[in-house]
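The paragraphs below walk through a few local features of the structure. Please keep the sequence and the 3D view at hand while reading.

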Number of protein chains: 2
Amino acid sequence: MDNFNFYSPTEFVFGRGRESECGEYVKKYGGSKVLIHYGGGSAVRSGLIDRVKSSLNASGIKFTELGGVQPNPRDTLVYKGIELCRNEGVDFILAVGGGSVIDSSKAIAAGVLYDGDFWELYSGKKVEKALPLGVVLTIAAAGSEGSPNSVITKEEGSLKRGTGSDVLRSRFSILDPELTQTLPAYQTACGATDIMAHVFERYFTNTKEVEVTDRLCEAVLLTMVKETPRVIADPDNYEARANIMWAGMVAHNGLVGVGRSQDWNSHGLEHELSALYDCAHGAGLAVIMPSWMEYVYKHDVNRFCQMAVRVFGCQMNFEDPEATALEGISRFRSFLKSIGMPINFAELDAKEEDIPALVDKLGVGSGKRAGFVELDYNDCVNIYKIAVNAHI
Amino acid sequence: MDNFNFYSPTEFVFGRGRESECGEYVKKYGGSKVLIHYGGGSAVRSGLIDRVKSSLNASGIKFTELGGVQPNPRDTLVYKGIELCRNEGVDFILAVGGGSVIDSSKAIAAGVLYDGDFWELYSGKKVEKALPLGVVLTIAAAGSEGSPNSVITKEEGSLKRGTGSDVLRSRFSILDPELTQTLPAYQTACGATDIMAHVFERYFTNTKEVEVTDRLCEAVLLTMVKETPRVIADPDNYEARANIMWAGMVAHNGLVGVGRSQDWNSHGLEHELSALYDCAHGAGLAVIMPSWMEYVYKHDVNRFCQMAVRVFGCQMNFEDPEATALEGISRFRSFLKSIGMPINFAELDAKEEDIPALVDKLGVGSGKRAGFVELDYNDCVNIYKIAVNAHI
C-alpha cells in the first residue's frame with residue numbers, strides 16, 4: 001500500500017427534507033451573507049429555491065442569488081458571481097444543484113478571495129483560500145459534494161480546466177434523495193454511470209495488495225448494480241435513490257482510491273466526446289469505459305477476473321481466465337445498455353471519421369498518458385475504434 | 001434509509017514513517033505547546049517517543065509529557081493530565097498509543113477547558129469544547145483515532161463510563177502500520193476481533209434496504225477475514241498490517257453504520273467480562289459475539305444468511321436457510337479460534353457461576369436492552385450460558 005493522506009471534513013446531512021435545515025448549517029459554519037447559486041429553472045419551479053430562502057430567513061441569514069449555471073459551467077458566469085459577491089459583501093456560497101453548480105460555486109468561492117484573474121487558479125496556480133461553501137445536492141452523479149475538485153470551461157476557445165484544493169471542500173452537504181426523484185430516467189442513468197466510472201478509475205491500479213480499498217470499491221459498485229435498475233424501473237423508489245445518492249458521495253470523496261495508483265484515462269477519452277458532441281458525461285463514459293476495458297484487460301487479466309466475479313457475479317473459468325475477464329466486461333456493457341445508456345458511437349451520434357480530431361484534441365502528441373496502462377496516440381485511436389462498433 | 005449526519009473531519013496521515021511528520025501536523029492544526037500522552041514503556045523503549053520529540057523540536061513546538069496510561073484508562077491519570085496542561089499552558093494534546101491512550105487524551109482535552117470536575121462530562125453532561133488533539137496510532141483495534149468517543153474508568157467503584165462529541169475527534173491521526181509490527185500475535189488478534197465486532201454491531205440492524213452500508217460493512221469484514229490470518233502467520237507482513245490498520249479506522253468512524261439502527265449488545269455483554277476477569281476486550285468479544293448470534297439469529301434468518309454467504313463464503317442452502325445462518329456463525333467462531341482467540345468461558349478463565357453477577361452488573365433489571373433484538377435479564381443469562389460451552 002502506498003502512503004497516503006485522506007481528508008474529508010465535510011459534514012454530510014442526509015435524508016428527507018433536510019434542505020429545510022440549510023439556514024442552521026450556514027450559521028453553524030459562519031455564514032451571515034450568502035450567495036445562492038443555482039442552475040436552470042427547475043430548482044426555482046420545484047419550489048426548492050424558495051424553501052432554501054425560507055430556511056435562510058428563519059436563521060436570520062441574508063442572501064443574494066445567481067442562477068443560470070449551465071452543464072459544463074462557464075468562466076463567464078463565474079466572473080459575474082465573483083463581482084456580485086464582492087459588491088454585496090457575501091461571506092458564504094450556497095450551491096443548490098448538481099456537479100456543475102457546485103463546481104461553479106467552488107470557482108466563485110476561490111475567485112472572491114483571489115487577487116487576480118480567477119482563471120489563473122485553473123491554469124496551474126494553487127488555490128490557497130476560498131470562501132466557505134455549502135451544498136444542497138439535487139443530482140447523484142459528479143460527487144463534487146464531497147470532493148476537493150472543480151472543472152470550469154473557458155468560453156473563449158472552449159478550454160476545459162480543473163483545479164483541486166482542500167479549501168474547496170464544502171463545509172456541509174445536504175443530500176436529500178427526494179430531490180432526485182423528478183430526474184428523468186436518462187439523466188439518472190447518466191449519473192449512475194458517472195458514479196461507477198469514478199470507482200473503476202480507482203479500481204484499475206498497478207498497486208498490489210490493497211484489499212481494503214478493492215473491497216470498498218466493490219461495495220459501491222455492487223450497490224450501483226443492484227439499485228440502478230430499481231430506480232430506472234421505479235423513479236419514486238426512495239430507498240434505491242438514497243442508496244445511489246450516498247454511493248455517489250462515497251465513490252468520489254477519495255476513500256475508494258487510497259493507497260494506490262489510479263487511472264482516469266477513460267475520463268480523459270470521454271471529455272473529448274462530450275466536448276465535441278455535447279453529450280452527457282455519463283453517456284460518453286458508457287461508450288468509452290467498456291471499450292477501454294477491452295483494450296487494456298490483458299495487462300492484468302486477474303484483476304478483470306476479480307471484477308467479473310466479485311462485481312458482476314461471473315463464475316470463474318479456471319481453464320480460461322481471459323474468458324472470465326471478457327465476460328465481466330460484457331456484463332458491464334449489457335448492464336449499461338439495460339439502464340438506457342448508449343454503448344457505441346452511433347448511439348451517441350458520434351462519428352468514426354472524427355477519431356483523429358478527438359485524439360488530437362486529447363493532446364497525447366508523441367508522448368503517453370499515464371495510468372493503469374500507458375496510452376499513446378495509437379492506443380487512443382484504437383480504443384475509440386472499439387467504441388465505434390461496440391455491441392452486446 | 002433513516003436520516004443521518006456523517007462527519008469525520010480528521011486528516012488521516014497513513015504509511016511508513018509518517019510519525020516523523022507529527023510536528024508539522026501539530027503546527028498545521030494550531031498547536032504550540034503539546035502534551036505528549038502515552039502508555040507503558042514500549043513506546044519509549046522502541047524509540048517512538050524520541051522520534052515524536054524530534055519531529056516536534058524540528059517544527060519548533062514545545063512539549064511536556066505524561067506516560068502511564070493503563071488499559072481501561074483511569075480517571076486518576078486524567079486529573080493529573082488536566083492539572084499538568086493547565087500549569088504548563090498546553091494548547092494541544094498528542095496521543096501516542098492505542099485506544100486507551102487516545103481515550104485518556106480525549107478526556108484531558110475536554111477536561112482542561114471544563115470549569116468543573118471532568119467526570120461530569122462522563123456522567124451525562126455534554127462535551128462542548130476541548131483542546132485540539134492529534135494521534136500517533138500504535139495498535140489497530142479500538143478505532144478511537146477516527147471516532148468521537150472516549151471511555152474512562154473511575155477507579156473508585158470501577159465505574160466505566162463513556163462520552164462522545166465531535167469536538168473530541170482528533171484533528172489528525174497518523175497511522176503507520178510498521179508501528180504495529182512488534183505487537184504480539186494475541187494482541188493483534190484481539191484487535192482484529194474488536195474491529196470485526198465494531199462492524200457486526202452495525203451490520204445487524206432492523207432498518208431495511210440500506211444496501212450501500214451493508215456492502216461497506218462486508219468490505220471491511222472480508223478484508224479482516226483475508227488479512228488477519230496473514231498477519232498472524234507472518235507478523236512482519238506490512239501489506240496485511242496496512243490493510244488491517246485502515247480497516248480498523250473505517251470500521252469505527254461512523255461510515256459503516258449510517259442510515260440505520262445499530263445493536264451494541266455484544267459490547268455491553270463483553271464489558272462485564274473484561275471488568276470481572278480483566279481479560280482483553282477483543283478476547284471477551286470472541287467469546288460473546290458468536291454466542292449472541294446463535295441466540296438471536298431466528299429474529300432475521302435472511303440477514304444471517306447474507307453474512308454467511310457474503311462474508312464467510314457459505315453456499316446458500318435454499319431448502320434450509322437456518323442451516324446456512326448457523327453455518328455462517330460457526331465459520332465466524334472457527335475463524336476466531338484459528339487466529340488464537342478464546343471462544344468459551346473456560347478459555348477465558350470465566351466461570352459459569354458468575355453469570356448472575358455479570359447480568360446484575362450489566363444492570364438490565366426488569367427492563368430490556370435495546371438493539372437488533374431487545375434483551376431482558378433472562379436473555380442475557382442465556383447468551384452467557386451459550387458462551388460457557390461454545391466449541392467448534
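The buried residues of α3(A) are covered by elements that include α1 (22-28), β2 (33-38), α2 (42-45), β3 (62-66), β4 (92-97) and β5 (133-137) of chain A, contact meaning heavy atoms within 4.5 Å. Helices (H or I, at least four residues) and strands (E, at least two) are DSSP runs, numbered from the N terminus. This is a predicted model, in which local features need pLDDT of at least 70 and side-chain atom pairs count only at pLDDT 80 or more, while totals for chains, interfaces and linings use all residues. Residues are numbered from 1 along each chain as its sequence is written, chains are lettered from A and ligands numbered from 1 in the order in which they are written, and side-chain values use heavy atoms, with hydrogens and water left out.

Helix α3 of chain A spans residues 48-58, and its buried residues are Leu48(A), Ile49(A), Val52(A), Lys53(A), Ser55(A) and Leu56(A). Buried stands for under 20% relative accessible area, exposed for over 50%, and partly exposed for values in between (1.4 Å probe, protein chains only). Viewed down the axis of α3(A), the buried residues fall within an arc of 160°, so they line one face of the helix; the arc is that of the directions from the helix axis to the C-beta atoms. On the face of α3(A) turned away from the buried side sit the exposed residues Asp50(A), Asn57(A) and Ala58(A). After α3(A) comes Gly60(A), with a positive phi near 70°.

Further along chain A, helix α4 (residues 75-88) packs against helix α5 (residues 99-112) at an angle of about 50°, and their axes are 9 Å apart. Axes are lines fitted to C-alpha atoms, for helices over the stretch in contact, and angles run from 0 to 180 degrees between N-to-C directions. α4(A) and α5(A) are therefore oblique to each other, a term for angles that are not under 35 degrees (roughly parallel), over 145 (roughly antiparallel) or 65 to 115 (roughly perpendicular). α4(A) contributes Val78(A), Gly81(A), Ile82(A), Cys85(A) and Arg86(A) to the contact, and α5(A) contributes Ser104(A), Ala107(A), Ile108(A), Gly111(A) and Val112(A).

Most residues other than glycine have a negative phi. Asn72(B), in the loop between β3 (62-66) and α4 (75-88) of chain B, has a positive phi near 55°. Asn72(B) is partly exposed, with a relative accessible area of 26%. Trp264(B), in the loop between α8 (238-250) and α9 (265-277) of chain B, has a positive phi of about 75°. Trp264(B) is partly exposed as well, at 24% relative accessible area.
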